[in-house]
2 protein chains.
Amino acid sequence: MLMLSNWLVYFAIGIGTALMAAGVQIIVELIAHQKFSLLKTYLDKCSTDKENCLYQPILIWMSINVGITLLASALVTYLQPMAAGSGIPLIKSYLNGVRIPGLLSLQAFVAKCVGVVLSILGGLACGKEGPMAHSGGIIAAGIGKGRIPWFKKYIDLYGLFRTDHNIRDLVAAGAASGVSAAFGAPVGGTLFSVEEAASFWNTELVWKVFFSAMVACFSTNFLLSAYEGHPTQLSNPGLVRFNTFPNLTFDLIEIPVFIIMAAIGGLIGSLFVVMNYKLTVFRQKYLHRKKWIKVVEASLVSGVSALAAFVLMFTIKDCTTAEPYNGHAFNTTMGCDGEGHNAMSTMFLTTPEGCLKALLHDSYDNYSVLTLVLFVTVFFFLGVWTYGLSVSSGVFIPSLTIGAAWGRLIGLGVIQLFPNQVLTSKAKDVGKYALIGAASQLGGCLRTTISLTVIIVECTGDITFGLCIMLALMISKWVGDFFTTGLYDMNVEVSGIPLLSWEPPPLCDHVYVSDFMSQPVMTFLPVEKVGHVYECLMGESFNGFPIIEQDPNCDSRYKGKLRGIILRFQILVLLSKKVFCQEGQVPSNQNSITLKDFQKTSPVAVRIEDIQLTDQEKQYVIDFRPFMNQTPYTVSLNFSMPRVFRLFRGLGLRHLVVVSDEFEPIGMVTRKDLAKYRAEIKKGMLHMEHLTVENR
Amino acid sequence: MLMLSNWLVYFAIGIGTALMAAGVQIIVELIAHQKFSLLKTYLDKCSTDKENCLYQPILIWMSINVGITLLASALVTYLQPMAAGSGIPLIKSYLNGVRIPGLLSLQAFVAKCVGVVLSILGGLACGKEGPMAHSGGIIAAGIGKGRIPWFKKYIDLYGLFRTDHNIRDLVAAGAASGVSAAFGAPVGGTLFSVEEAASFWNTELVWKVFFSAMVACFSTNFLLSAYEGHPTQLSNPGLVRFNTFPNLTFDLIEIPVFIIMAAIGGLIGSLFVVMNYKLTVFRQKYLHRKKWIKVVEASLVSGVSALAAFVLMFTIKDCTTAEPYNGHAFNTTMGCDGEGHNAMSTMFLTTPEGCLKALLHDSYDNYSVLTLVLFVTVFFFLGVWTYGLSVSSGVFIPSLTIGAAWGRLIGLGVIQLFPNQVLTSKAKDVGKYALIGAASQLGGCLRTTISLTVIIVECTGDITFGLCIMLALMISKWVGDFFTTGLYDMNVEVSGIPLLSWEPPPLCDHVYVSDFMSQPVMTFLPVEKVGHVYECLMGESFNGFPIIEQDPNCDSRYKGKLRGIILRFQILVLLSKKVFCQEGQVPSNQNSITLKDFQKTSPVAVRIEDIQLTDQEKQYVIDFRPFMNQTPYTVSLNFSMPRVFRLFRGLGLRHLVVVSDEFEPIGMVTRKDLAKYRAEIKKGMLHMEHLTVENR
């Protein structure tokens, strides 16, 4: 029965994520349709010679953008700043084992979901796919625990008590479901979760995550198809749909072109990262000290986005009569004097996602070279500026769009250079190059190679072309890695989160435990005076305390053989439940303390400052023996950094006791000690960096 | 440059595997075509009333089968018995860390590849997909090392020296490439490798494995398409091609039917495992003591297979005029008096793979219920009998075929019961049920859920239907697990290989290190007399020796603090290179010993018996300090089994030193000690089993 209920939870995660994803999608589509149809009407009307009222559409456009973005940014900034950005770096850190208060709260969920709808309607250059992973994670944690944090309280549904570890597994499933629903890629979503997060491949867990992702993908498909009026014809696997490349073929001689494109993707991708890095540091230093500045900046960007789009559409009078691929796309006849429509407007009078689809599938003569060059330049800067604003926004779609635009440019170039080499049709060919460009750009930005390959393969639904996509992602990663780390890693680095990477940092072979362990270590005897324990906890912020057996031959009470380890949190629970008594007695309530008492208490909720002890109680003694972990993992002083690192990563440790030859604790190693060392690659050279990790 | 050459190796593995897979496929297709066209001619001719010569085709059939199988079995039995069966259990054990001599040798490769061609041509109920994983692994090891073992020598190509660990990574890539080439499923192949083998998800490694698998899939596709005359139209992703279900749809009300089918699959699958288990034990006890008996048994099975097929075709005169789906399939008009053809013959006059395709895609009126019932019964027993013969054979295809046959039966039943509920077309519907049956049967047999789901999804090319396939595999695994372990695990168990599972065995929480460690432990001092070391190695078969520092206050020379660990293999290299000298001196050749000297030597090649020492040399001393591992992982006596297990699994350990409070070694734990405990589930009850693991 337990097993079944466990599976039901994973099923519910899939369903919940799908509902959320489909809801976001439908609302965005509905309102965006209204917005762009309004704009189109005004643009068409005002661009004729008779009425010279072009100031009207641009004013309407800018006010809509600024107004909505104001709301979007205020929601995130004042309700839950954790909801800013894509949330993937934070989810990644959380799954890596870092504790991030507020990340999985209800207000983060609201800010994330409503926020992303508003960001897209506000005309920002962002997508709604990244935030899905975060929202999925929150849904998972909520369903799993049966309660969800709302500010400092809990909203209790049915209150299941789970360990931290369980919740982490569920959040992995939620993130996978989010990605799966967003891209219609259950395998890709699962691998995304594993690649970004899990350190240990646990078949049982991955299977459950995969199940959630599959349910999410299927349900999203079902819901969206039902919305379109044909629930049994499932035709919407995921929110982004670029799975419309039937029978993609390619010639072996095209592979060198793809490789060059991948290198370009790596370059532009790392340029994106570098510029965004500088901007983020600048923002942290000067802009984001006041909340209202964040909101103003976001609104400014959305206003500029509208203005830039309008100026481009107005100045570049690239008129075409070629019908756009997507029947729903809007365009205006502005500047075309009744012949065809403004090509630039097809890309701007739509959501970034619609723009991506247009770039992938429109015919080769839909856009002129100049249009594409200007579009990619402007959109690149808008993308850089947008990512990191205090709004809920994803970076997948802008990256793909930038890549698709320059990929299309290269496709046009190839058709020009080798007019007789065109394989099938010109339209399909530019689409193919746009796809490779999109993959390269994404790879150059994000560098998470395995899952991205699978996601894009699942999106295009073609295994054969998978090799080319893989090549593009591989080479763009290599090129990108030569210059900077990936965008998410940069995010994590800037925020100072102690994340452990996959492999021990290089150049650390001769760094020994003695160099980076925390010492002196604070130890307790198996039976300690309550007052002493209380004072120690007040004075120190350590999270784990070795328990030692006092050496009868030795005077010092701080020297003795290691007997176990007890966590700060455990001591706090014992103190708050008053599990202590006079020396020589057994506390009356010792047996009434169960595992549930520890699980029930939120580790962030109990603080030593909140525990009140009378003077008499301080004279009592507390017995740690029934509660301590009697077999902590230990290492000796001469262990090297990589060996300790593997121990932490392989076993998911948080504390490691360093013992002397006499089996006496002489130091402690925590994640933070390990995260101090980080290798940095700049311009191909490897540097060692000694970080000061903040105490969060 | 090193990175590039590393990637080239993985590229070469993909290409090599593809060449092998495509070669096997083409040869089998060519010769099988000849064989069955010959049989068809005789059957057609002799079944007319005029000529009563039906003894001719059956004699020809049986002699072809017996003759070829004789060769197939002799090849495996006399050249390399390791090549018997699918090889997946052995590859799995190897990747798990067990050393299996001969597994990756050239003779195993020849026996495997030529053997599987002969097995299929010999008419056995087996497939060629499982062996691909093993052959791929051998190719990978050969390419990686640049040399390949041939009996007791090496065939040297370019001789790169790699660690055991590197080779294991390459073999994982080879196995993935094999599966990928076989099923056209690069993602599935990669996950297969990870699910079956890797304990630690290493993104870098998985990415390389994925690359190999992708290259293998693409190249196989290219080669097979080129063979068919259209190299640029890639249409053959993989050897098994059942990716021809365009727009599979299903109704939610069909899901209960699928669930029932999955349960049936679990039942029949575990019946398969149980029967095969009994047969394997019987074979080990009585039959496989003499090599010639193995060969005779295989030939007997192939003869019986032909006879059974003939008898079924002859007695069941199920004639149909419905055209078979596959244009290449043979059938005979035997017993049909000129009207239509014998339905049973469509399934038997082809390879098991062709039979699977026929069952999945033929129209609903191609086979009568009686035909299917008899076919599935006979084929089931043939399948059970065949798996475990001393021939190279896979179990994927027979499982899928059995499942497709009974799935089709259920499909016919559903159409009978709900004639108005048929969704699209009857033909497509029976095919759908056949597919679910195939998946359920495979899941019930093998239980490797994640990769199988992905493989089948990649084969059918439809994500939406993936949820149903996942359900089928999940439930068939649950039902199957209730009765027995999976087929591969059963294989491993019977062979007594010390394989560590994913999770520590249940019911072991109160088993402590002191209960299962090996003791007393043999220790050395940092500087030891050569004669003493020599005698110890002669007398004991331990593979790791702790190095201790003698306690000056203690008389016993075997008591002291742990200072390091040295492997038997390292000592053997030191002894054979004569890195020792008179007491007080430094050996002249100490600095000339490099890492390469250790890597160059094959761990199985050096034996203590082969090392000759003079009496004077035995008086010399050997200094272990420059060579020993100074920081072995240690645990104390009161560690529980699950904690030690996680340490082994998480870090991939082979030796663990158990230390006392005084940091003195008092025991050793090896994989074999851990593998002693295995939980067994029989009829839903959990038992603990204490195995005696043989010293291999």
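Modeller: Domain bounds here come from an automatic or database domain assignment. For chain A, that assignment gives domain 1 (1–228), domain 2 (253–295 + 309–495) and domain 3 (513–566 + 621–690). This is a predicted model, in which local features need pLDDT of at least 70 and side-chain atom pairs count only at pLDDT 80 or more, while totals for chains, interfaces and linings use all residues. Residues are numbered from 1 along each chain as its sequence is written, chains are lettered from A and ligands numbered from 1 in the order in which they are written, and side-chain values use heavy atoms, with hydrogens and water left out.

Colleague: What separates the centres of domain 1 and domain 2 of chain A?
Modeller: Taken over C-alpha atoms, the two centres are 22 Å apart. The contact (heavy atoms within 4.5 Å) involves 55 residues from domain 1 of chain A and 46 residues from domain 2 of chain A.

Colleague: And what area is buried between domain 1 and domain 2 of chain A?
Modeller: About 4,300 Å², with carbon and sulfur atoms giving 68% of it. Buried area is the accessible area (1.4 Å probe) that two parts lose on being put together, summed over both.

Colleague: How many salt bridges are there across that interface?
Modeller: The rule (a side-chain nitrogen of Lys or Arg within 4 Å of a carboxyl oxygen of Asp or Glu) finds two between domain 1 and domain 2 of chain A.

Colleague: Which helix supplies the largest share of the domain 1 side?
Modeller: Helices (H or I, at least four residues) are DSSP runs, numbered from the N terminus. Those of chain A that each supply at least two residues of the side of domain 1 touching domain 2 include helix 1 (2–46) and helix 2 (55–79). Helix 1 of chain A gives the largest share, 10 residues.

Colleague: Changing topic, where is A:S302?
Modeller: A:S302 lies in helix 10 (residues 291–315) of chain A.

Colleague: Which residues is A:S302 in contact with, leaving aside its neighbours within four places in sequence?
Modeller: They are A:N65, A:V66, A:T69, A:G122 and A:L124.
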